[in-house]
Amino acid sequence: MNKPSVSQWSTAGIGENSRYEAWADVLNAHYGTWQAARPPAPAFNADVEKIHNGSLTLIKCICDPCAGARPERLARASREEFAAFQLVVAGRELIELNGTTIELGKGDLLVWDSTRAMRFEVTKKLSKVSLMM
């Protein structure tokens, strides 16, 4: 059995003016390529824990309101193809897939495909767990 690798990241210790850019880098490294949209609030906080074992990756994420888009051209150009099972533990997130917007809240589960275009907007501090394979 493989030993999982665990990594953690946080905005704690990063200057307030650099936090969102650092978050955008983590977002792209963990969830594929996204165009992050800067939130209106000047302060931004996020914590991410990634557990990787073979072809499975579990990501625990807590973040302040933010938004991003994965246009079709980015989704098609992605180097990695994966399916993600995302469970919302707390907070609210709007997801736009195939021209339809859905609101996710505590207990909601979303399955998404990294090869498909989509948008997200975290409207209330979000805590989620994503299993990617």
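How many disulfides does the count come to? The count comes to zero. The points below concern a predicted model.

1. Cysteines. A disulfide would need a pair of cysteine sulfur atoms within 2.5 Å. For Cys61, the closest cysteine sulfur is that of Cys63, at 4.4 Å, which is too far for a bond. Cys66 also has Cys63 as the place of its closest cysteine sulfur; the separation is 4.1 Å, again too far for a bond. The total of zero disulfides stands on that rule.

2. Burial of these cysteines. Is Cys61 buried or exposed? With a relative accessibility of 2%, Cys61 counts as buried. Cys66 is buried as well, its relative accessible area being 4%. The cut-off behind both labels is 20% relative accessible area, under which a residue is called buried.

3. Secondary structure. The protein contains two helices and nine strands. Their order along the sequence is β-α-β-β-β-β-α-β-β-β-β. The radius of gyration is 14 Å, close to the 14 Å that the globule rule gives for 133 residues, so the protein is as compact as a globular protein of that length.

4. Extent and contacts. Taken along the principal axes, the box filled by the C-alpha atoms is roughly 40 × 40 × 30 Å. Among contacts with a separation of 6 or more, 68% are accounted for by residues 24 or more positions apart.

5. Burial and surface. Of the 133 residues in the protein, 38% are buried. The accessible surface is about 7600 Å², and carbon and sulfur atoms hold 52% of that area.

6. Charge. How many positive and negative side chains does the protein have? There are 16 positive and 15 negative side chains. The centres of the two sets are 2 Å apart.

7. Backbone at Asn98. Asn98 is not a glycine, yet its phi is positive, at about 50°. Where is Asn98 placed? Asn98 sits in the loop between β6 (83-97) and β7 (100-104). Its relative accessibility is 61%, and Asn98 therefore counts as exposed, since the exposed label applies over 50%. A reader checking the backbone thus has a positive phi at a loop residue that is exposed.

8. Recap. The cysteine count gives zero disulfides, while Cys61 and Cys66 are both buried. Asn98, by contrast, is exposed.

Definitions and conventions:
Residues are numbered from 1 along each chain as its sequence is written. This is a predicted model: local features need pLDDT of at least 70, side-chain atom pairs count only at pLDDT 80 or more; totals for chains, interfaces and linings use all residues. Side-chain values use heavy atoms; hydrogens and water are left out. Helices (H or I, at least four residues) and strands (E, at least two) are DSSP runs, numbered from the N terminus. The radius of gyration is taken over C-alpha atoms; the globule rule is 2.2 Å times the number of residues to the power 0.38. Buried means under 20% relative accessible area, exposed over 50%, partly exposed in between (1.4 Å probe, protein chains only). Contact means heavy atoms within 4.5 Å. Accessible areas come from the Shrake-Rupley method with a 1.4 Å probe; for residues, only the protein chains shown count as cover. Lys and Arg count as positive and Asp and Glu as negative; His and the chain ends are not counted. The place of a charge is taken as NZ of Lys, CZ of Arg, CG of Asp or CD of Glu.
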